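Hi,

Here is the structure for you to look over. My notes on its aromatic rings and one of its helices follow below.

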Amino acid sequence: MKNSLLISCILRSNWDETALESAREIAASDNLDWDNLQRIIDRESLAPLLYHLSKGKNIVPISVEDKWRNSYYYHGCRNALLLKELAKILDKLRLAGVNTIVLKGAALAEIVYGDIAARPMSDLDLLIHPEDLSLTRQILAELGYHPTGIDMQVGFTEEFRNEEIFYQRGLVDTYIDLHWRLIAPIYYQRTFYKDWFWQTSLSIKVNQTPAMVLGLEAQIVYLCAHLMLHHGGESVLWLYDVAKVIDLYQKEIDWQEIINKTKEYDLALSVKEILIQLFDDWKVPIPVEVIDKLRNLKPSREEVRTYLWQHQTMALRLFDDVAGAKDWRQRFRIIWDTLFPTFEYMQHRYRIPHSLLVPFYYPYRWLRGLRRVSGS
């Protein structure tokens, strides 16, 4: 409990003047488990951010601050190389006429955090229009990128998924998470319209290269939806992403627009859970009247089903995909392609040493689908 409280006090020190003093008191207590604290920080990739917020303020022992500082400078160098690579990719896409929005860490590190070393990035997330997918794949291939996976059946990923990951080995291994839809569950692929996100996007520069990012309200709605629907709300760093955007731009945010889009996109559960948690636990400066409106929002049955089933077994996630499909053709294809992917996919997915063994792995795949998503 004290470990989590120390972390949250340091994190909220940007907008809570009393938080750093509380952090000092917690850090000075005799029964703080520093080894366990470091495990939590490593798991959540928080060391660079904690160093950015606490350096030179005599909050934690010098040995702990040294560890955080080393991580801070490592990620500073790594992120500088990643953003340089991102600038090159954005230039190529722009010259080819592909409109692109930079998402998540790469969109926040320089502009919102104001320090590229403070926000670790595991990959570079880009949003394109679906009709540009083929051309973007071609451009990434020309730049030396390779897809990390294989389609279960031809065209399945493009029709039923929202992203594809590409990688390139180098001084820093670079992963590009290419999105043509913002949210993964198929239900939201029908209801989560992207026009607003494109229309309200903002122009910035990434490594001195022109780029687009989501507008303030769209950024908050997207980050909340992504955190809840993809990760069950379980990421301190991504919670801080939302908190940092709100704190930095609190006077410019149109909260009524956020409420309206939350209703329109059927995201009552996602947005209210994240924002109320930040208000109650992290003291993030969200207007009280906004919190009152959020508390009164009622999630739909479809949203609750999607949230719950996405975070249970793989079989339930399949059922959720089927329930979210728009017609029987889509439902049949989702079931068939998921249960009977190609031999090539099976060999790649399960590292099967010989093609003759592939048929025996289909029952294994079905049984594995009964396991929880987190264990798959």
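Arg331 places its charged end over the ring of Trp328, 4.8 Å from the ring's centre. Arg305 does likewise with Tyr187: its charged end sits over that ring, 5.9 Å from the centre. Keep in mind that this is a predicted model.

Now the ring pairs. The count comes to 19 aromatic pairs. One of them joins Tyr72 and Tyr73, edge-to-face, at 5.2 Å centre to centre and with 80 degrees between the planes. Tyr72 has 9% relative accessibility, so that residue counts as buried. Tyr73 is partly exposed, with a relative accessible area of 48%.

Trp196 and Tyr265 make a tilted pair: 6.1 Å centre to centre, 50 degrees between the planes. Trp196 belongs to helix H10 (residues 195-199), while Tyr265 lies in the loop between helix H13 (255-264) and helix H14 (268-282), so this pair ties together parts 69 residues apart in sequence. Both Trp196 and Tyr265 are buried.

There is also an aromatic cluster. Its members are Phe332, Trp336, Phe340, Phe343, Tyr362 and Trp366.

Last, helix H19, residues 343-350. Its buried residues are Tyr345, Met346 and Tyr350. Why do they lie on the same side of H19? Because they cover an arc of only 100 degrees around the axis. Helix H20 (358-368) is part of what covers the buried residues of H19. Arg351 follows H19, and its phi is positive, near 55 degrees.

Best wishes

Methods. Residues are numbered from 1 along each chain as its sequence is written. This is a predicted model: local features need pLDDT of at least 70, side-chain atom pairs count only at pLDDT 80 or more; totals for chains, interfaces and linings use all residues. Side-chain values use heavy atoms; hydrogens and water are left out. Buried means under 20% relative accessible area, exposed over 50%, partly exposed in between (1.4 Å probe, protein chains only). Helices (H or I, at least four residues) and strands (E, at least two) are DSSP runs, numbered from the N terminus. The arc is that of the directions from the helix axis to the C-beta atoms. Contact means heavy atoms within 4.5 Å. Rings of Phe, Tyr and Trp (its six-membered ring) pair if their centres lie within 6.5 Å; planes under 30 degrees apart count as stacked, over 60 as edge-to-face and the rest as tilted. A charge sits over a ring if NZ of Lys or CZ of Arg is within 6 Å of the ring centre and within 35 degrees of the ring normal.
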